[in-house]
Amino acid sequence: IKTMKSFDFKAGQYVFLKFCHSREAHPFSIAGYDKENNTLRFLIKELGDFTKELSKNIKKDDIITVEGPYGSFTFNDSKAQQIWTAGGIGVTPFAARLEYLVSLGQKVDNVDFFYSARGENPYPELADLSEKAGVRFHYRNTSKEGRLNFNIIKEKIKDIKDTSLWYCGPAAFGETLQKSAAAGGISKKDIHYDSFDMR
């Protein structure tokens, strides 16, 4: 979406988009922003009735109202390390954060990013962005390897002292992950969660 003026947001935030064909605004996480061209980018999966019909209903040069940004899923904390976990289209705020780090030429050494989805990785560019940003990327094909869980994450991390968990994806998986992470040693106040069930 090309914006009328420059757009200020923090990676991980979302906006409400109102399209010409719909009276209701819908929330979408921002996947990226090109400052040079004033262009916002979104990753939109066909999850419900609205998103299934979206590609048919929008046209080039449609005017779309953007409201926001909103949300506190911005990766800001004082922990020594972070675990990022995304399921399916819940990858969007993490993609935005990776693009932001790469745009700054900044490398981190305290982030492990676990992404799970059915089949081969639908966003292969994530591995490249992660490498450029210093993030350790772990992809799990749930069709072949089964669902991701906190025990699998803990095997890779080993020491989870002074760690925060950032999760975005399906609500049911998120609830299970939160419970097991809290039982596994991560404080509840250090578990940050965003659900994509309403997109």
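Me: How many aromatic pairs does a search of the whole structure find?
Reply: The model is predicted. When the whole structure is searched for aromatic pairs, the total is 22.

Me: What is the angle between the planes of F19 and F28?
Reply: The centres of F19 and F28 are 6.5 Å apart. Their arrangement is classed as edge-to-face, which requires planes over 60 degrees apart. For F19 and F28, the angle is 85°.

Me: Are F19 and F28 buried or exposed?
Reply: A residue counts as buried under 20% relative accessible area. Both F19 and F28 fall in that class: buried.

Me: How many residues apart in sequence are the parts that the pair of W84 and F113 ties together?
Reply: W84 and F113 form an edge-to-face pair, with 5.7 Å between centres and 65° between planes. W84 belongs to strand β6 (residues 81-87) and F113 to strand β7, so the pair links parts whose separation in sequence is 29 residues.

Me: Which residue in β8 is the bridge partner of Y115?
Reply: Strand β7 (residues 111-117) pairs with strand β8 (residues 136-141) in the parallel sense, over six bridges. Within β8, the bridge partner of Y115 is Y139.

Terms used
Residues are numbered from 1 along each chain as its sequence is written. This is a predicted model: local features need pLDDT of at least 70, side-chain atom pairs count only at pLDDT 80 or more; totals for chains, interfaces and linings use all residues. Side-chain values use heavy atoms; hydrogens and water are left out. Two strands pair if DSSP finds at least two bridges between them. Helices (H or I, at least four residues) and strands (E, at least two) are DSSP runs, numbered from the N terminus. Rings of Phe, Tyr and Trp (its six-membered ring) pair if their centres lie within 6.5 Å; planes under 30 degrees apart count as stacked, over 60 as edge-to-face and the rest as tilted. Buried means under 20% relative accessible area, exposed over 50%, partly exposed in between (1.4 Å probe, protein chains only).
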